[in-house]
Amino acid sequence: MTDQKTETRTFEADVSRLLHMMVHSVYSDRDVFLRELISNAADACEKLRFEAVSRPELLGDDAKPRITIAADPDNRELVVEDNGIGMSRDEMAEALGTIARSGTRAFMERVEAGKAAEDTQLIGQFGVGFYSAFMVADRVDVTSRQAGSDEAFRWSSDGKGTYEIAPVPLEAAPRRGTRVVLHLMEDASSYTTPYRLEGLAKSQSGHVPVPITLVEKPGAEPRDIADGTALWVRSKSEIKPEEYTDFYRSIAGQYDEPASTIHFRAEGRQEYSVLAFVPGSQPFDLFDQDRKGRMKLYVRRVFITDDADVLPRYLRFVRGLVDSADLPLNVSREMIQESPLLASIRKGVTNRILGDLAKLADNDAEAYAKIWENFGVVLKEGLYEDYERREQLLKLARFRSTASGEGWRSLADYVAAMKEGQKAIFFMAGDDRARLKASPQLEGFRARDIEVLLLTDPVDSFWVTMAPEFDGKPFKSVTQGAAELADVALPEDAAKPDAGTSSDVATFLAFVKTVLGEEVSDVKASDRLTESAVCLVAPEHGPDRQFERLLNAAGRLDKAAKPILEINPRHERVAALAKLGDDEKAFKEDAAHLLYDEARVLDGDKPADAKAFSARLARLIDRGLAKG
Ligand code: ADP
Ligand code: MG
């Protein structure tokens, strides 16, 4: 039987990398290992509490969950033990030899891709988890006996590439649960000092919902250092800010200060408590593919799952828990997910969180701006995913604009500053704010002092094309369709004599259109240009220029719409070209192509035909030289 022998296995490559990083980075805060081990012990107790609802026999005569920290200063050993669910042999190999979270891998790649110096400080911000034990220990032994099993196993490793798993006699294992023994490094011996351990456990983990006991040295009387009272059932007025922060850190695995704390109890048709936090910085898994939320679900203080979708995906940055008084305990996690009770909790909690954010935005714009900077991109996903709350989310949204400088504008600010005659909320989408600001398409707006939102997150193109309105005003791309600028008067000092409507220019535009043929869908006189000669815009219907680019990059564009070439009829060069006679036909043809290529380059694209472009440019230079 394979179960009976010692097995040596190699860590998954990612684990080795993580361990190496952890041990070799000058890690500023090794203390966190204790929080991680206590958090695992508490999770194990809570999993057991949940299993025992349907299988009470698992508890036996040892029903009360407990975490014990035991120090042995003489042998430089530290033990963290729990009477939780425990692990089987396979679970140990899986849980302590691999890395499950995709975000961890992405994070390591960032750290390794350079920038190590600043990013190692960030290590503390992602779930360092069990492996953080190797920051303070040169050998870790994990002995575990799964609830209900009559076998026990020991996992052991020095964290240098391999680990061993072997069966152990039951006398050498906890009666139930897991014992983690750290053989501390020389420079980590202070982690056996009782006051140090008590201080750390209380400050970092004082609010885990399992009592913690300390044994100061072998043979000493166990002493209770935390009572396992769930923080969220206490009344708000009794809780100190630092208690919230500690709890936030232990539940979120974040090491910063929460940007906002949401603590309330809902009463009435449904009864539940919520303790949730908006983190002070971006969690490392914010952009994981699965976009999983991290709210834990409890039922009457029994941890049920962190897989229930307690919040919509666009609130996945919120960390915390919901404790329901009404959900049944003894149903499967899958059924809970489908439960109408959960749906109504989700609705209540979502509304409350959005409501709190709105209040914060009103009362403390600066604090709210920080939240928006970290999580705005994620919140904006709600603009196309949550139709019902779009209005609410649009109110929460903040934007950069041609008028914002480095600050943020709300749509209410925008609407209040709209010019007389202006009917739409204008935006320009792209990936780079500096380039957007320099775009020719903005000229006519700038001349009329019309504010344009500069949308640089990829997600922007998605919601903005779903034709939302704000305050009855539609959103309109400045790179698409007619600019509708005629509705807004130019300031008097900017008004130029309108040279553009001469019949020469109209004839020239028709000529350009014939020359470019199928390359463009139309050639039009522009009212949005004031300084540049040309620009491209998308036809009135369909994606705007930026959205088309995104769709194309994603391979989702069946057929690119041909752009419209807009020509500035008031531009001197255009007026001069328009005056040339038929004897200059070849030159005018070159000019038509070059104007189109210029517009493409201004849009960040390449000339339509590189070879032809070079030939035309060469002819143009030669012509200039011949004249000079
Ligand atoms: P996380 O806690 O985020 O899952 P960790 O690295 O802290 O990541 O732990 C990895 C896994 O190891 C846990 O998910 C759990 O399955 C297992 N584990 C760790 N400690 C214990 C324990 N004391 N009891 C039971 N399982 C544990
Ligand atoms: Mg953990």
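A nonpolar core is defined here as a set of buried Ala, Val, Leu, Ile, Met, Phe, Trp, Tyr and Cys residues joined through side-chain atoms within 4.5 Å, where buried denotes under 20% relative accessible area, computed with a 1.4 Å probe on protein chains only. The structure is a predicted model, in which local features need pLDDT of at least 70 and side-chain atom pairs count only at pLDDT 80 or more, whereas totals for chains, interfaces and linings use all residues. Residues are numbered from 1 along each chain as its sequence is written, chains are lettered from A and ligands numbered from 1 in the order in which they are written, and side-chain values use heavy atoms, with hydrogens and water left out.

The domain assignment, whose bounds come from an automatic or database source, divides the protein chain into domain 1 (7–226), domain 2 (233–364), domain 3 (371–477) and domain 4 (503–627). The centres of domain 1 and domain 4, taken over C-alpha atoms, are separated by 66 Å.

The largest nonpolar core comprises 72 residues, of which Leu-315, Phe-317, Val-322, Leu-453, Trp-463 and Phe-475 touch the most other members.

Cys-45 counts as buried at 3% relative accessibility, as does Cys-535 at 1%. With a disulfide taken as a pair of cysteine sulfur atoms within 2.5 Å, the count of disulfides is zero.

Definitions and conventions:
Buried means under 20% relative accessible area, exposed over 50%, partly exposed in between (1.4 Å probe, protein chains only).
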